[in-house]
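This report goes through selected local features of one protein model. Please have the sequence and the 3D view open while reading.

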Amino acid sequence: MATSSRLKDIDDKFCLCSICLEQLKEPKLLPCLHRYCKDCLNSIIQGTYDVIKCPECREETQIPTNGVEGFKTDFYSKNLVEYVQIQQSLKSDEIRECYSCSKHVRVAAYCFKCNDFLCKDCHNIHVTNKTLKDHQKHTLSLEDMEAKNITIEKLASMRHAPRCHIHLEEIAKLYCETCVNLPICVACVHGEHKGHNLHEVKTLARLKREELTQKLKTLEEINKDKSVISPRQAKENLILNVSIEKEEVIKMHHEKDQKIMTKIQDTEGRRKLVEQEKQNTEKKIFDFLQTEMEHEIQGVKKKYEDIFRVKKLVLNDTFKARESSLEKELAKLRDQRKRFERDKQELLESIEKQLNENMKIIETMSQHFDNIKKRFETLNVMASSILASDNDWSAVQCIPDMCTAASNLMKDLKKDFPELTALIKVTVNYKQYCFEKPSVTKMSENFDKKVIINNPYRNVYGMTCCGDGNIVISGVTSDWMASFIIVIDMNGRMLKEKILNTGEIWPFRYCKSLSQHKVASVCQPNEIGLYDVRDGSYIKRNISDVISSWPKDRYLSCVATDPVNNHILVGGYNSRDVYVFNNQLNYLHILTLPEMIKGPRDITVSEGHLLLCDYDGKKCFVTTVDGLESKLVGEFMKPNLEGNKFGPISVCSDKNGFVYVLWKTSSQCYIVQYNHDGSQVLTTRKLDVDASVATVVETSQGEKLLVATCDTQKVYLYARMAED
């Protein structure tokens with residue numbers, strides 16, 4: 001197919017369907033400005049229902065009721081199709097009838113005013129006769145084509161005004177905006193289009209050109225001022241950050257490995273020293289007794305030999321115990337090193353997994369950026385072509401669609417992608433390790449201080465501490481018809497008191513500190529609220545009002561706060577669902593606990609993990625707290641207590657990562673201190689059998705452990721237990 005280089009470039013750039021050029025079928029334009037012929041468009045919409053997704057930019061468009069015919073005609077491409085048709089006719093050897101002289105000859109020109117072909121002689125008359133002056137600028141000759149000086153803008157200006165869509169013999173003078181810019185004649189003003197919104201074409205074309213020019217200017221400013229991280233830059237930053245994180249992980253693990261090796265070497269040295277000390281001590285004793293024996297009579301010699309034998313046995317037992325202890329310590333260190341190496345590999349695999357996931361998301365964003373850029377370039381070229389042309393009809397027909405496309409493009413250009421900043425980073429959850437041997441002792445029930453709450457007519461089920469060092473206690477009144485929240489100081493003096501009538505029987509209330517002055521509280525069966533310790537105000541919501549899936553027979557059993565994410569976590573009896581809210585009591589999502597857990601009696605968030613007491617299952621667990629599915633991290637070692645019926649009822653942690661769990665039966669109660677993941681029991685302490693809840697408070701002497709009783713309303717203050 002022969003075309004000028006100018007039009008061929010346009011053809012290649014916008015991928016105008018070859019069917020439109022070869023079979024002269026009318027091209028159609030989607031709102032996103034991508035062009036298709038009628039046959040291609042019919043193929044695209046097959047199998048769809050109401051909308052079509054553009055194959056280029058994936059933008060969705062409502063399919064007109066009359067199908068493909070309802071899409072806008074692409075006048076820009078139609079001019080190109082018409083030009084190719086005329087060019088083929090003029091360059092071929094085909095004999096056609098001249099419109100002017102009616103001779104059957106080889107034609108040499110085409111008059112858009114006459115809308116037909118002219119022979120060479122008639123063309124000369126057409127361009128020289130003064131009576132045909134208004135035809136001259138609408139005439140296209142073979143010489144013009146061969147000179148390759150025809151542009152799509154010049155071709156558009158040659159076209160004559162369209163005919164009235166009703167009175168086909170009349171030239172259109174006006175555009176009917178009511179009927180989507182249909183061309184009409186003067187007769188239609190008082191006929192079919194009477195009372196419609198009509199425009200003179202030149203005025204309308206000028207307004208549309210001004211509108212499109214302003215849209216293009218705004219688009220250019222937005223495109224120029226846009227300052228977001230590009231996908232390529234995000235990829236580079238992600239790869240760089242992953243490399244840095246890997247180096248940090250390897251460096252950190254190398255340093256900790258060196259520490260463990262140093263400990264092992266030190267322990268080996270100490271073991272050798274013990275052996276040497278044993279030998280030296282043995283020699284000293286032997287030398288001493290030998291000297292004594294030399295000064296004694298022969299009869300006393302046997303006596304000293306017996307003494308030496310007894311002392312040697314005692315000495316062997318003593319040093320054997322010390323050697324056994326050192327062997328156990330070495331075994332633990334070696335096991336810790338193996339576990340440490342596994343954690344290192346898991347961290348590296350986690351980083352690599354995050355890298356792959358983030359790269360996939362960034363690739364998708366990159367394709368979105370490319371589509372927006374392509375749409376912007378397409379709109380720029382098409383708009384420039386229309387603005388450069390002086391054909392008012394083309395301007396009126398095309399510019400409204402271009403302005404709509406420009407408005408949609410503005411929204412896409414203005415859209416930011418803040419997630420790109422998050423995607424260039426990876427999250428590494430480092431575990432804490434303890435290399436010192438903890439002291440494992442069983443402590444007495446002695447306490448530093450005991451506080452008695454002044455009003456005894458209530459039962460305590462929740463206790464926490466606020467930023468001013470005072471104690472917040474919650475529970476149910478003695479008549480079991482109302483709940484309460486009170487604030488006391490460290491001497492038991494009542495500072496604030498709030499009685500809350502819920503209309504329910506046994507409205508057990510629990511609480512946990514959310515911030516310096518706010519306390520999160522839940523009450524059976526389904527109330528969640530925030531208490532302000534400064535003025536005693538309380539706001540609440542019923543969970544069943546905001547969660548459609550809340551079971552009618554579900555009762556709340558505990559509450560925890562996540563200070564990192566500023567979230568409130570709520571658990572219920574015999575349920576693995578933990579409901580997550582923000583600090584404004586807005587529901588976020590459900591966190592589902594692992595299957596081996598029957599239901600939480602108490603929960604707390606510590607070092608990014610969820611610690612929970614499963615009283616019915618007689619176990620205490622550590623799980624993850626992020627996402628929708630909680631994963632098991634570990635299980636607390638059950639203390640070696642008398643009997644096996646102990647169940648955990650309360651859990652808390654201090655700022656050094658030590659965890660405290662209240663284990664209880666109907667006749668005994670113990671508070672047990674663990675390391676951060678519950679794998680080691682550090683200390684145990686026997687408590688008042690009525691103990692119901694434990695928490696940690698910051699005092700002028702440092703952190704203290706608080707334990708409250710349920711029925712007797714006592715608060716015991718303990719010095720913090722054994723430290724690493």
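Gly 529 stands opposite Lys 540, a residue of strand E23. The model is a predicted one. The two residues belong to a pairing in which strand E22 (residues 527–532) and strand E23 (residues 538–542) run antiparallel and are joined by five bridges.

E22 and E23 form a hairpin, and five residues lie between the two strands. Within the turn, Gly 536 has a positive phi of about 75 degrees.

## The loop before the hairpin

The peptide bond that joins Gln 524 and Pro 525 is cis, with omega at about 0 degrees.

## The sheet E16 to E19

Four strands make up an open sheet with antiparallel pairing, and their order is E16-E17-E18-E19. Which strands stand at the edges? They are strand E16 (458–465) and strand E19 (494–500); each has a single partner strand, so one side of each is left without a neighbour in the sheet. On average, neighbouring strands of this sheet are turned by 20 degrees against each other, direction ignored.

One of the pairings in this sheet is that of strand E18 (residues 483–488) with E19, which is antiparallel and runs over six bridges. Here Phe 484 has Ile 499 of E19 as its bridge partner.

## A nonpolar patch on the surface

Three residues, Met 481, Ile 505 and Trp 506, form a nonpolar patch on the surface. Together they have about 350 Å² of accessible area. Trp 506 is found in a loop, between E19 and strand E20 (509–513).

## The sheet E24 to E27

Another open sheet has four strands in the order E24-E25-E26-E27, and its pairing is antiparallel. Strand E24 (556–562) and strand E27 (587–592) are the edge strands, each pairing on one side only. From one strand to the next, the twist averages 25 degrees.

In this sheet, strand E26 (residues 577–582) pairs with E27 over five bridges in the antiparallel sense. What is the bridge partner of Val 580 in E27? The partner is His 589.

The loop between E24 and strand E25 (567–572) contains Asn 566. Asn 566 is a residue other than glycine with a positive phi, near 60 degrees.

## A kinked helix

Helix H12 (residues 392–414) is made of 23 residues. From its first C-alpha to its last, H12 reaches 32 Å, close to the 33 Å expected at 1.5 Å a residue. H12 also has a kink of about 35 degrees, located at Cys 398.

## Salt bridges

Side chains of opposite charge can pair when their charged atoms come close. Counting a side-chain nitrogen of Lys or Arg within 4 Å of a carboxyl oxygen of Asp or Glu as a salt bridge, the model has 18 salt bridges.

One example is the salt bridge that Arg 206 forms with Glu 210, where the closest N and O atoms are 3.3 Å apart. How are the two residues placed in helix H9 (residues 201–225), and what separates them? Arg 206 and Glu 210 are four residues apart in H9, which means that about one helical turn separates them. An α-helix has 3.6 residues a turn, so residues three or four places apart point the same way.

Notes. Residues are numbered from 1 along each chain as its sequence is written. This is a predicted model: local features need pLDDT of at least 70, side-chain atom pairs count only at pLDDT 80 or more; totals for chains, interfaces and linings use all residues. Side-chain values use heavy atoms; hydrogens and water are left out. Two strands pair if DSSP finds at least two bridges between them. Axes are lines fitted to C-alpha atoms, for helices over the stretch in contact, and angles run from 0 to 180 degrees between N-to-C directions. Patches are made of residues with over 30% relative accessible area and no salt bridge: like charges are joined within 9 Å, nonpolar side chains (Val, Leu, Ile, Met, Phe, Trp, Tyr) within 5 Å. Accessible areas come from the Shrake-Rupley method with a 1.4 Å probe; for residues, only the protein chains shown count as cover. The expected span of a helix is 1.5 Å times one less than its number of residues. The bend at a residue is the angle between axes fitted to the seven residues ending there and the seven starting there.
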